Amino acid sequence: MSLPTDRPATRWERFKDNDIVWSFFHSPGAVIAAVVTLLMILACVFAPVLAPFDPFDPAQISLWDGKLPPAWVEGGQPQYLLGTDNQGRDMLSTILYGGRLSIIVGLAAVCLGMVLGVTLGVVSGYVGGMTDAIIMRIADVQLTIPGILLAILINGIGRAVLPLELRDDFAIYVVIVAIGLTDWPQFARVARGATLVEANKEYVQAARIIGLPRWLIMIRHIFPNTLRPVLVIATIGLALAIISEATLSFLGQGIPPTTPSLGTLIRVGNEYLFSGLWWITFFPAIALVVLVFAVNLLGDWMRDALNPKLR
Amino acid sequence: MTTFILKRLAQSLLVMAVVSAISFSLFNFVGDPVNNMVGQDATREQRIEIRQQLGLDDPILTQYTRFMGNILSGDFGLSYRIKRPVDELILERLPATLELVFVSAIIALAVGITLGVYTGIRRKSWVSRVILSTSLIGVSLPTFIIGIALIYVFAVHLRWLPSSGRSGTVDLGWWKTSLLTVDGWRAILLPAITLSLFQLTLILRLVRAEMMEVMRTDFIKFARARGLAERAINFRHALRNTLVPVITIIGLNIGGLIAFSVITETVFQWPGTGLMFIQAVDFVDVPIMAAYLVFVALLFVLINLIVDILYFVVDPRIRLGS
């Protein structure tokens, strides 16, 4: 709490006094997780600037430099900090570019699931009746099937529907849709719950009395109030989506090797594990694990901080 | 009771109808079935003949009913790639998957309950803390990375266990088992551990939480007051009371094991149904994909139906509420 003063609190002071902000700065785990997540996202976003090499530019790759170990291991070269892969691409650069793709796919999939889930959830909660029953039954049934299996199945169908020559070009969209379609029920449930609470409040009744149309009430009044819990689900969902994408790519069902994501890199590197070239798998795997772990921690903290019962 | 089960049954049938409709449309919209049967160089007359033989010119509803009839008698047609009946292929691959799931369920249960009881009783010991924080990492590691790590350590580095495939199978006539030979066990160990880790951590945490709850109750205090041996209190009184939620969770998680078996089978090239599905997607082998879809849906519908009925039997509140 700030001391009472004569002048009104500035924006920054009010921000600092916010309970969630306070809780954030007083849980070291959350701060570390947020910093790590932010650093990794920034590193991946600025991959073209930060990466020492461009892994997609054939002019910068030479097969002579292939399969070099990390710089600190005997036989490593200083310009390739984490070594090179079988094609002579710098591992650090491919990981930065791969991480970028993983994060983009994860974010897009979560956004799709969120838009779909929140829309259905708000409509379900506000309209009620048959609509509600049908939407929530579908969500229930879908929740009984593990997400990753569903994503594999939808992705498989999506790939099968595409003609062979288009498969690689559209693979990324198929993956996004498959993961997005898998995680909407979580969002729908949370949004519906929040809607049921909001719909009975006086300001919504007032809006109804002055004759606002239903869709406007849902968008302008109910939707913003579902955002808190939805944000928690979205953060945890991001970690899950990144894992799902990596898993699909590892199974050879996701992002093609021409524009590798972290999962694709691990898949490719896995083939060289037996020849002792551990770094081709190891570093992408570590990057993936650290990223997922940090996002997960952040999500855990958010769930506790935004939960009014725990405050 | 009857209405509850009937309702659930109707819902299950609806799910199966939707899934079978999806797999039916896979047949119709993915590729050209005639091309898949006769190849590119068949004449126009041959094609028309086959179209009529397959009944592809019939109204869509007639085709769907015929398809449903075939499914119900277990007939999914021939695999495009291997040219053998799909139901035969699935039955051939099923033992591998079921044995993998079975062994990993046993591992998850045995280790999970043991560690759960231990960490629940010795809450403050450093061993418990180590176990708990390791389990937290276990939850957030993707399955395939655990698999790769195990392969690297035990197969590539130490050379103790084989890295992939299923070996040492014994043919019992209707079931090829790998659980009767040492080779078979050596091959199943790594994939089974990989598959079990996630469930293991779930069971561990659940048993630990339940144990901590039970240890606070009056009847445990009373057992202590009676001077019963620590062992008897822990296992005969406390553990037994934690098992009801554990059993229901396990029921639900068999589905999870089957889902993740797709990934584990691919990592270890384990010749089960999951690997077959992944390969089928690569080759757009529609009959196998469709059959697997129906198979998985049926499995989940059955598991959920059984768990629902179990809840109903175990918990009187649900009985009264409905």
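Which side chains meet in a salt bridge at 2.7 Å, N to O? In this predicted model, the pair is formed by A:Arg192 and A:Asp132, where a salt bridge is a side-chain nitrogen of Lys or Arg within 4 Å of a carboxyl oxygen of Asp or Glu. Residues are numbered from 1 along each chain as its sequence is written, and chains are lettered from A in the order in which they are written. Because the model is predicted, local features need pLDDT of at least 70 and side-chain atom pairs count only at pLDDT 80 or more, whereas totals for chains, interfaces and linings use all residues, and side-chain values use heavy atoms, with hydrogens and water left out.

With a relative accessible area of 14%, A:Asp132 is buried, while A:Arg192, at 22% relative accessibility, counts as partly exposed. In these terms, buried means under 20% relative accessible area, exposed over 50%, and partly exposed in between, as computed with a 1.4 Å probe on protein chains only.

A further salt bridge, at 2.6 Å from N to O, is made by the side chains of A:Asp140 and A:Arg189. This pair likewise links distant parts of the chain, with A:Asp140 in helix 6 of chain A and A:Arg189 in helix 8 of chain A, 49 residues apart. A:Asp140 counts as partly exposed at 22% relative accessibility, and A:Arg189 is also partly exposed, with a relative accessible area of 42%. A:Asp140 and A:Arg189 belong, together with A:Arg137, to a network of salt bridges. Over all chains, the structure holds 7 salt bridges.

In chain B, the side chains of B:Lys221 and B:Asp218 meet in a salt bridge at 4.0 Å, N to O. Being 3 residues apart in helix 9 (residues 218-225) of chain B, these two residues are separated by about one helical turn, and B:Asp218, at 58% relative accessibility, counts as exposed.

Chain A and chain B bury about 3,000 Å² between them, of which carbon and sulfur atoms give 80%; buried area is the accessible area (1.4 Å probe) that two parts lose on being put together, summed over both. The contact, defined by heavy atoms within 4.5 Å, takes 34 residues from chain A and 36 residues from chain B. Across this interface of chain A and chain B, 0 salt bridges are found, together with 1 residue pair in polar contact, both residues being at pLDDT 80 or more. A polar contact is a pair of N or O atoms within 3.5 Å; within protein, one must be able to donate a hydrogen and the other to accept it, and residues adjacent in sequence count only if both atoms are side-chain atoms. On the side of chain A that touches chain B, the elements that give two or more residues are helix 6, helix 7 (147-161), helix 11 (227-250), helix 12 (262-270) and helix 13 (279-306) of chain A. Among these elements, helix 7 of chain A gives the most, with 9 residues. The residues of this side divide into 23 nonpolar, 8 polar and 3 charged, where Ala, Val, Leu, Ile, Met, Phe, Trp, Tyr, Cys and Pro count as nonpolar, Asp, Glu, Lys and Arg as charged, and the others, Gly among them, as polar.

Within chain B, the domain assignment gives domain 1 (2-72) and domain 2 (86-320), the bounds coming from an automatic or database domain assignment. The C-alpha centres of these two domains of chain B lie 35 Å apart, and their contact takes 14 residues from domain 1 and 14 residues from domain 2. Between them the two domains of chain B bury about 1,300 Å², 91% of it on carbon and sulfur atoms, with a count of 0 salt bridges and 0 residue pairs in polar contact (both at pLDDT 80 or more). Helix 1 (residues 2-29) of chain B provides the largest share of the side of domain 1 that touches domain 2, namely 12 residues, and the residues of that side divide into 11 nonpolar, 2 polar and 1 charged.

Technical notes: Helix = DSSP H or I, 4+ residues; strand = E, 2+ residues; numbered from the N terminus.
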